[in-house]
Amino acid sequence: SNLEALSEKLNKLTIKFSLKAGEDEKLFGSVTSTMIADEILDKGFKINKKEIILEEPIKHAGNHFVSIKLSTEISAKVKIKVSAEK
């Protein structure tokens, strides 16, 4: 199905953000589901930000995985790579 094809593509996706950070790689801002949805859209995949399962905004640099629930049966995991701006 289309959703299965989409989930396979999303599973291979790495989305990068660069945000200002202080000590311990703690970000001054945070990465929100809206930001993630916008970046995924920029890469040519249309998803609804409500489909992004983000318990709370990402507040630390590093690698994070975010689940995207495309339907009741189909979900994908997108890798979010957050780097600290020096």
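**A walk through the core and the sheet**

Q: How many residues does the largest nonpolar core have in this predicted model?
A: Let's start in the middle of this predicted model. The residues with the most contacts inside the largest nonpolar core are Leu10, Ile36, Ile40, Ile47, Ile68, Val78 and Ile80. Counting every member, this core has 26 residues.

Q: Which element gives the most to this core?
A: The elements that supply two or more residues include the helices α1 (2–11) and α2 (33–42). The top contributor, with five residues, is β6.

Q: Which residues does Ile40 contact, leaving aside its neighbours within four places in sequence?
A: Ile40 is one of the residues with the most contacts inside the core. With those sequence neighbours left out, its partners are Leu10, Leu13, Ile15, Phe45, Ile47, Ile68 and Val78.

Q: What arc do the buried residues of α2 cover around the axis?
A: The buried residues in α2 are Ile36, Ala37 and Ile40. They lie on the same side of α2, because the arc they cover is only 100°.

Q: Which elements do the buried residues of α2 pack against?
A: Both helical and strand partners turn up here. The buried residues of α2 pack against α1, and against the strands β1, β2, β3 (52–53), β5 and β6.

Q: Which strands stand at the edges of the sheet?
A: Four strands form an open sheet with mixed pairing, in the order β1-β6-β5-β3. Two of these strands have a single partner each, so one side of each lacks a neighbour in the sheet. Those edge strands are β1 and β3.

Q: How many bridges join β1 to β6?
A: Strands of a sheet pair through backbone hydrogen bonds, either parallel or antiparallel. Here β1 and β6 run parallel, and the number of bridges joining them is seven.

Q: What angle does the direction of α1 make with that of β6?
A: α1 packs on the sheet, where it touches β5 and β6. Its direction and that of β6 make an angle of about 25°.

Q: What angle does the direction of α2 make with that of β1?
A: α2 also packs on the sheet, touching β1, β3, β5 and β6. Between its direction and that of β1, the angle is about 130°.

Q: Is Ser30 buried or exposed?
A: Ser30 sits in strand β2. Its contacts, leaving aside neighbours within four places in sequence, are Leu19, Met35, Pro57, Ile58 and Lys59. The relative accessible area of Ser30 is 18%, and the cut-off is under 20%, so Ser30 is buried.

Technical notes: Residues are numbered from 1 along each chain as its sequence is written. This is a predicted model: local features need pLDDT of at least 70, side-chain atom pairs count only at pLDDT 80 or more; totals for chains, interfaces and linings use all residues. Side-chain values use heavy atoms; hydrogens and water are left out. A nonpolar core is a set of buried Ala, Val, Leu, Ile, Met, Phe, Trp, Tyr and Cys residues joined through side-chain atoms within 4.5 Å. Buried means under 20% relative accessible area, exposed over 50%, partly exposed in between (1.4 Å probe, protein chains only). Contact means heavy atoms within 4.5 Å. The arc is that of the directions from the helix axis to the C-beta atoms. Two strands pair if DSSP finds at least two bridges between them. Axes are lines fitted to C-alpha atoms, for helices over the stretch in contact, and angles run from 0 to 180 degrees between N-to-C directions.
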